[in-house]
Amino acid sequence: MKKEVFVSAGLIFENGKVFATRRGACKYPYVAHKYEFPGGKIERGESAQDCVKRELKEELDMDVKVGSLFAVERFEYPDFIINLSVYECERLSDFTLKEHEECAFFSPSELNESEFAPADKEILATIKRVFGE
């Protein structure tokens, strides 16, 4: 039986573009060097919203205001199952990359699913549908 991982991430829109970070090398080749919406694993006793705040502070030294739930996805990778909750967030501070290779702001039409982690495929489609390509 595969391990289930519960993750929350922030969806940050600025000037019609969405913020994403690109992972570095890791033991799972299907997510290595892929873009994703920043966030991480929810700790025991932590709310998904608090997780977003904590993870963005730890990984990017970024303060955010967590808003509404944008999407929930469950995706099965070869080695684990991810349960992903994505929250709309407002960036309240500048940021510094601490754990990622790079970051970028993408317009909806620039969101290329081959450049993103596979678990984000449906979220990318929702962004394009809601905010236009």
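Biologist: Against which strands do the buried residues of α2 pack?

Modeller: Helices (H or I, at least four residues) and strands (E, at least two) are DSSP runs numbered from the N terminus; contact means heavy atoms within 4.5 Å. Buried means under 20% relative accessible area, exposed over 50%, and partly exposed in between, with a 1.4 Å probe and protein chains only. Here, the buried residues of α2 pack against β1 (3–14), β5 (64–76) and β6 (80–91).

Biologist: On what conventions does this reading rest?

Modeller: The model is predicted, so local features need pLDDT of at least 70 and side-chain atom pairs count only at pLDDT 80 or more, whereas totals for chains, interfaces and linings use all residues. Residues are numbered from 1 along each chain as its sequence is written, and side-chain values use heavy atoms, leaving out hydrogens and water.

Biologist: Which residues of α2 are buried, and why may one say that they line one face of the helix?

Modeller: The buried residues are Ile-123, Leu-124, Thr-126 and Ile-127. Viewed down the axis of α2, they fall within an arc of 160°, so they line one face of the helix; the arc is that of the directions from the helix axis to the C-beta atoms. After α2 comes Gly-132, with a positive phi near 85°.

Biologist: Which residues does Ser-85 touch, from the strand side?

Modeller: Ser-85 belongs to strand β6 and counts as buried because its relative accessible area is 16%. Leaving aside residues up to four places away in sequence, Ser-85 touches Val-7, Ser-8, Ala-9, Leu-69, Ala-71 and Val-72.

Biologist: How are aromatic pairs to be read?

Modeller: A pair of aromatic rings is described by the distance of the centres and the angle of the planes. Rings of Phe, Tyr and Trp (its six-membered ring) pair if their centres lie within 6.5 Å; planes under 30 degrees apart count as stacked, over 60 as edge-to-face and the rest as tilted. The structure holds 14 such pairs. In one of them, the ring centres of Tyr-35 and Phe-116 are 5.7 Å apart with planes at 35°, so the pair is tilted. Tyr-35 lies in strand β3 (residues 35–36) and Phe-116 in the loop between β7 and α2, so the pair ties together parts 81 residues apart in sequence.

Biologist: Are Tyr-35 and Phe-116 buried or exposed?

Modeller: Tyr-35 is buried, at 6% relative accessibility, and Phe-116 is buried as well, at 1%. Elsewhere, ring pairs link Tyr-28, Tyr-30, Phe-75, Tyr-77 and Phe-80 into a cluster.

Biologist: Where is Ser-114, and which side chain does it contact?

Modeller: Ser-114 sits in the loop between β7 (102–106) and α2 (121–131), and its relative accessible area of 46% makes it partly exposed. A polar contact is a pair of N or O atoms within 3.5 Å; within protein, one must be able to donate a hydrogen and the other to accept it, and residues adjacent in sequence count only if both atoms are side-chain atoms. The side chains of Ser-114 and Asn-112 form one of 2.8 Å.

Biologist: In what order do the elements of the whole chain run?

Modeller: The chain has two helices and seven strands, in the order β-β-β-β-α-β-β-β-α from the N terminus on. Buried residues make up 44% of its 133 residues.
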